[in-house]
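The following paragraphs lead the reader through one protein chain, from a single side-chain pair to the chain as a whole. Please keep the sequence and the structure in view while reading.

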Amino acid sequence: MKILRHAGRVLSTLFTPIKCNAFFFIFMYILGLVCTYTVVPDKKGYHAYSLAWEELFFDLYILCLFLTVLPAVVRQWVRRLFYFVAYGIALVDVYCYVEFGSTITPTMLLLVGETNTDEATEFLSSYLGFDVIFSKVGWVVLVGLIHIACNYVMSRFLYRRRRLMRRHTWMIVVGRVARAVVPVMGTVTLALLVYTASECMENKKAMVRLMSCKNIGSVEHELTRKDKAVLYLPLYRLVFSVYANSLTAQQVDKLIGAIDSVRVDSCSYRSDNIVLIIGESYNRHHSQLYGYDKPTTPRQKARARRGDLVPFSDVVTPWNLTSFVFKHLFSLYTVGDKGEWCDYPLFPELFRKAGYHVTFVTNQFLPQAKEAVYDFSGGFFLNNPELSKAQFDTRNTRLFRYDGGLLNDYDKLRPEGKEYNLIIFHLKGQHVDYQTRYPKDRTKWGVNDYDRPKLNDRERHILASYDNAVLYNDSVVDAIIRKFEKEDAIVLYVPDHGEECYGDDIHFYGRMHSTDITARLAREEFDIPFWIWCSKKYRKTHPDVFSRIKAARDKRYMTDALSHLLLWLGGIHCPEYRDDLNILSTEYNENRPRILKNQVDYDKLDVRDTASEATENNNKR
């Protein structure tokens with residue numbers, strides 16, 4: 001009997017945190033569910049749903065346990081503070097989703113931080129109207145109003161209950177029944193705690209990993225894992241956004257602090273006009289220029305036949321993540337160097353200091369409210385006002401549905417009368433979703449154009465969309481070249497990384513971030529096209545440069561060293577420039593290890609054997 005009474009007391013104690021904070025627990029639970037279902041309403045089976053039901057119970061119980069330890073007066077004020085914070089963040093988060101199609105992100109916080117009083121007033125007058133109440137924001141408001149009403153009614157009831165208990169025996173009986181039910185509720189609480197704890201521990205571990213990252217690149221890499229953290233509550237998303245911004249601030253501060261110390265020793269202006277085109281998600285083995293069996297790059301192929309475009313045959317990227325690649329492309333840091341990428345100057349900064357007019361035209365990296373972590377991670381050092389000013393004289397201010405929109409935009413931005421120019425085009429290229437990367441009237445291939453019996457209709461449709469995107473990219477790139485045909489100009493094309501698209505009949509497209517790097521994966525995701533085009537005038541005035549380009553076309557190369565090639569083309573000498581990283585230099589070190597993701601040496605993976613097998617399979621089809 002004593003054991004049963006002791007067990008009853010233990011179970012009653014387990015229920016105490018919820019009993020002492022009943023209204024808090026109930027309405028914070030409802031608020032969490034509403035926030036989850038309003039921002040992801042159409043994704044049945046979405047993992048955040050189960051977390052909202054299960055992990056939210058566990059989280060709130062722990063919070064109520066903390067509140068129970070506090071003195072009653074303090075507890076009341078802490079709860080009120082939490083109400084203010086929780087409802088406030090929920091309103092902002094759901095409002096952002098309604099107006100901008102995105103919940104709270106790191107970029108949103110940056111934009112808010114850069115907004116002055118006049119801009120904030122204009123924003124509020126433009127976006128805050130009475131109609132907001134009738135949107136999904138109204139659900140949060142409704143929960144808050146019901147909470148206030150219930151709290152008022154319950155406070156009146158408890159006041160009357162204390163008075164009635166002195167007069168009515170039945171109220172005393174009700175109280176005893178309630179106390180008898182407490183152990184039962186404790187049993188239910190114990191069962192729910194055990195269940196929810198077992199269900200949510202993996203997400204908790206992932207959240208700890210995410211919030212323990214030492215830099216924003218590690219954050220992005222963590223978010224590519226299959227078991228990545230799901231930030232299912234507005235409060236978690238806000239905390240993460242603050243944390244992500246603090247990480248980027250560390251690297252931004254380093255780069256800003258070094259602006260004045262960046263040094264150019266001399267500049268011979270070897271090339272008047274240097275054009276760098278940065279593509280996106282381009283699998284080299286889907287390019288006709290590199291032997292693909294469909295005419296996906298007819299314009300590049302034609303230029304290569306004429307001899308003015310030189311494709312390089314053995315080029316890889318160090319990463320299959322855009323943000324990592326961009327930091328390696330723009331910084332003079334290369335894999336294996338001491339320190340971090342932000343300890344080295346950015347090449348546009350050096351060009352600008354040397355006297356080049358630097359133009360940056362991007363169709364991805366402009367700060368916007370719904371910017372994903374991946375774009376934020378890749379573009380934060382380009383969009384910071386001070387760093388942008390240090391790197392670029394001219395840049396665009398809007399994005400386009402298709403990359404072709406950048407062409408007219410550049411014509412409006414194009415500087416007149418500038419003797420020396422560096423122009424950087426950054427395209428969306430073949431970034432997923434492929435079928436949205438080209439106009440419908442530019443569709444050439446469909447499901448029936450692929451004799452791939454191991455692939456189903458959906459997979460062949462995606463494959464066709466990817467090839468159509470490659471073909472459209474060919475037209476955009478050719479249009480850029482045509483803008484410089486009469487100039488003394490050199491154009492370089494390089495994508496950030498490759499892309500899986502059912503290569504060798506593997507049922508997958510995109511990128512495998514959490515998988516060990518194999519020869520097959522390296523071939524699909526790290527092999528990239530790289531070519532250099534020279535105008536007729538450039539070939540005539542720089543025959544030595546063009547001869548070096550043709551001589552280097554089959555040399556091994558990794559794009560983390562691209563900035564050193566660009567500096568040489570500009571004739572820029574600075575302390576960080578290295579001849580052994582410049583593929584056109586006689587001092588170029590072709591045997592430098594090409595380490596992928598800081599893990600695997602590309603040249604030890606037998607990628608060539610994999611390529612031969614893929615070619616053989618392609619011929620069988």
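The side chains of glutamate 500 and arginine 520 are joined by a polar contact of 3.0 Å. A polar contact is a pair of N or O atoms within 3.5 Å; within protein, one must be able to donate a hydrogen and the other to accept it, and residues adjacent in sequence count only if both atoms are side-chain atoms. This is a predicted model, in which local features need pLDDT of at least 70 and side-chain atom pairs count only at pLDDT 80 or more, while totals for chains, interfaces and linings use all residues. Residues are numbered from 1 along each chain as its sequence is written, and side-chain values use heavy atoms, with hydrogens and water left out.

Glutamate 500 belongs to strand 9, residues 500-501. Helices (H or I, at least four residues) and strands (E, at least two) are DSSP runs, numbered from the N terminus. With a relative accessibility of 0%, glutamate 500 counts as buried; buried means under 20% relative accessible area, exposed over 50%, and partly exposed in between, with a 1.4 Å probe and protein chains only.

Another enclosed element is strand 7, residues 421-426. Six of its six residues are buried, so strand 7 is largely enclosed by the rest of the structure. Asn421, Ile423 and Phe425 point one way from this strand, whereas Leu422, Ile424 and His426 point the other way. Strand 7 pairs in the parallel sense with strand 2 (residues 273-279) over six bridges, and six bridges also join it to strand 5 (residues 357-362), again in parallel. Two strands pair if DSSP finds at least two bridges between them. Leucine 422 in strand 7 is the bridge partner of isoleucine 274, and valine 358 stands opposite leucine 422 as well.

Charged pairs form a further theme. The whole structure holds 31 salt bridges, each being a side-chain nitrogen of Lys or Arg within 4 Å of a carboxyl oxygen of Asp or Glu. In one of them, arginine 225 meets glutamate 222, with the closest N and O atoms 3.8 Å apart. Arginine 225 is partly exposed, at 31% relative accessible area, while glutamate 222 counts as buried at 8%. Both belong to a network of salt bridges that links Arg209, Glu222, Arg225 and Asp227. Elsewhere, arginine 556 and aspartate 603 form a salt bridge of 3.5 Å, N to O. Arginine 556 lies in the loop between helix 20 (543-551) and strand 12 (557-558), and aspartate 603 in the loop between strand 15 (600-601) and helix 22 (607-620), so the pair ties together parts that are 47 residues apart in sequence.

On the surface, Leu81, Phe84, Val85, Met211, Leu235 and Val239 form a nonpolar patch with about 530 Å² of accessible area together. Patches are made of residues with over 30% relative accessible area and no salt bridge, like charges being joined within 9 Å and nonpolar side chains (Val, Leu, Ile, Met, Phe, Trp, Tyr) within 5 Å. Helix 4 gives the patch its largest share, three residues. Valine 239 lies in helix 10.

The chain as a whole has 22 helices and 15 strands, and buried residues make up 53% of its 621 residues.

Note on methods. Areas by Shrake-Rupley, 256 points an atom, 1.4 Å probe, with all protein chains shown as cover.
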